[in-house]
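Welcome, and thanks for taking a look at this one with me. Please have the sequence and the coordinates open side by side as you read.

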Amino acid sequence: MMKSDLDRRDFLKLAGCGGVVFAAGLASPAYLAAAGRDFHFVQMTDTHWGFAGAPNPEARTTLPRAVAAVNALGRQPEFIMFTGDLTHTTDDPKERRRRMAEFKDIVKELRVKELRFIPGEHDASLDAGEAFKEFFGRTYYTFDHAGIHFIALDNVSDPGAKIGRAQLDWLAADLAQQSKDQPIIVLAHRPLFDLYPDWDWATADGAAALDLLMPYRHVTVFYGHIHQEHHHTTGHIAHHAATSLIFPQPAPGSQPKRTPPVAWNPAAPFKGLGFRDIANGPAPDQPAIREVPLA
Amino acid sequence: MLGRQAIAAVVALATAAAGALTPARAAPEPAVIRISAKKFEYTPAKIVLKKGVPVVLELTAIDRIHGFKMPALGIRSDVLPDQTVRVPLTPDKPGTFVFACDVFCGDGHEDMDGTIVVEE
């Protein structure tokens, strides 16, 4: 059986044997109170539609392949969250819009129709999110699902990787409406903490957002940008980066500079690429994260 | 008639003024290192400095706004077209330190970086 074919039951079995599932024991118990019912969603990130180059000679087929893999899940997610860099950047505003239109056409093939998007710097940093908003709507927003309060942040429309005062004020006002026990999931493109500042893997004012979130007891952050799985905690807040759908980046600090990315391996095409299935876990304090590789 | 305190103050002021006008014995001006930024490179991209010897980095952008970020030496600045940003730097440790653009500037932004090598 392909890993992408695993259904919910298999998924929970794997949770018990420490397979591909990351049971977020190190994480805050974010989902838990939620639901009381099985619930899961999928995170897809860094699809970079429009990229062409040696790090992924299959760039034109990778996103459709990922769509097919999500469609093949035995139990479909309740929604799919794209955490930025939907398209690869271009200086040409017409080409940017062409890439966004093509991206939208491809993800329309997903069986799940509830799709949500936030931008990455490749989508939004050259035009302050103008094209992104035309195609995908707001760049930051909240929604509630299965008892969880989701907060989607934009830390890329400012090319200096700032959330900015206006959005931080908006975040503070939103949080003021929440109980301190409310399960909260934050979605962002870039890490909100200083993951590896030498490579600019950070958000300039991410600490201000974390300060606002810190009083809330059940907060988990899912993000992209670094093209690899990564887990970290700041205080009681867990941060989980997902693999990309274009090419893997080197582990932080593993080479002198942030480029080149990990080379394409013809013997193992699509290695290091995938998406993530996120569910309320088998126990109230064990949200479960399943990494689903494309390879 | 001036009191003793007033006389002391006048002497102190005169001494200070004379000191300010004395040209000799001032520390030498730090060397200036000019760095220009454009998509997607810095020129020069490699700079060699001596530990403990102060310099001033003069940063200018040619085409658009860029950034200059070097966390290891505590430097972060916007680099603006037609403006010169002066950044004093006295490296206090030897090593090779990467600086990189942190203002997203297009396809190639991730390649825009350089190194400062600090020698003993």
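Contact here means that heavy atoms lie within 4.5 Å of each other. By that rule, 16 residues of chain A are in contact with 21 residues of chain B. Keep in mind throughout that this is a predicted model.

**The interface**

- The size of an interface is often given as the accessible area lost when the parts come together.
- For chain A and chain B, the area buried between them is about 1600 Å², and carbon and sulfur atoms account for 49% of it.
- On the chain A side, the residues that lose the most area to chain B are A:D198, A:K257 and A:R258; together they make up 34% of what that side buries.

**Charged and polar links**

- Between chain A and chain B the count is 3 salt bridges.
- A:D200 and B:K69 meet through their side chains in a salt bridge, with 3.1 Å from N to O.
- Polar contact joins 10 residue pairs across the interface of chain A and chain B, with both residues of each pair at pLDDT 80 or more.
- Where chain A touches chain B, the chain A residues divide into 4 nonpolar, 6 polar and 6 charged.

**Pocket and cavities**

- Rolling a probe the size of a water molecule over the atoms shows where empty space is left.
- The volume of the largest pocket is about 350 Å³.
- Its lining has 23 residues, and those closest to the centre of the pocket are A:H122, A:F247, A:Q249, A:T259 and B:E110.
- By type, the lining of the largest pocket divides into 6 nonpolar, 9 polar and 8 charged residues.
- The structure also holds 2 cavities of 30 Å³ or more, and the second largest cavity contains about 30 Å³ of space.
- Around that second largest cavity sit A:E121, A:P159, A:R190, A:D200, B:D102, B:F104 and B:H109; this lining divides into 2 nonpolar, 1 polar and 4 charged residues.

**Confidence**

- Chain A has a mean pLDDT of 88, with 85% of its residues at 70 or more.
- Over residues 1-35 of chain A, pLDDT stays under 50, and the model has 83 contacts for this stretch beyond four places in sequence.
- Chain B has a mean pLDDT of 85, and 79% of its residues reach 70 or more.
- Residues 1-22 of chain B have pLDDT below 50, and this stretch has 1 contact in the model beyond near neighbours in sequence.
- Where pLDDT is low, the predicted coordinates should not be read in detail.

Notes. Residues numbered from 1 in each chain as written. Chains lettered and ligands numbered in written order. Heavy atoms only, no water. Buried area = accessible area lost by both parts, 1.4 Å probe. Salt bridge = Lys/Arg side-chain N within 4 Å of Asp/Glu carboxyl O. Polar contact = N/O pair within 3.5 Å; in protein donor to acceptor, adjacent residues only side chain to side chain. Nonpolar A, V, L, I, M, F, W, Y, C, P; charged D, E, K, R; others polar. 1 Å grid on protein atoms, 1.4 Å probe; cavity = no way out; pocket = protein on both sides within 12 Å on 5 of 7 lines; lining within 4 Å. Points joined across faces, edges and corners; volume = space filled by probe spheres on them. pLDDT = per-residue confidence, 0-100.
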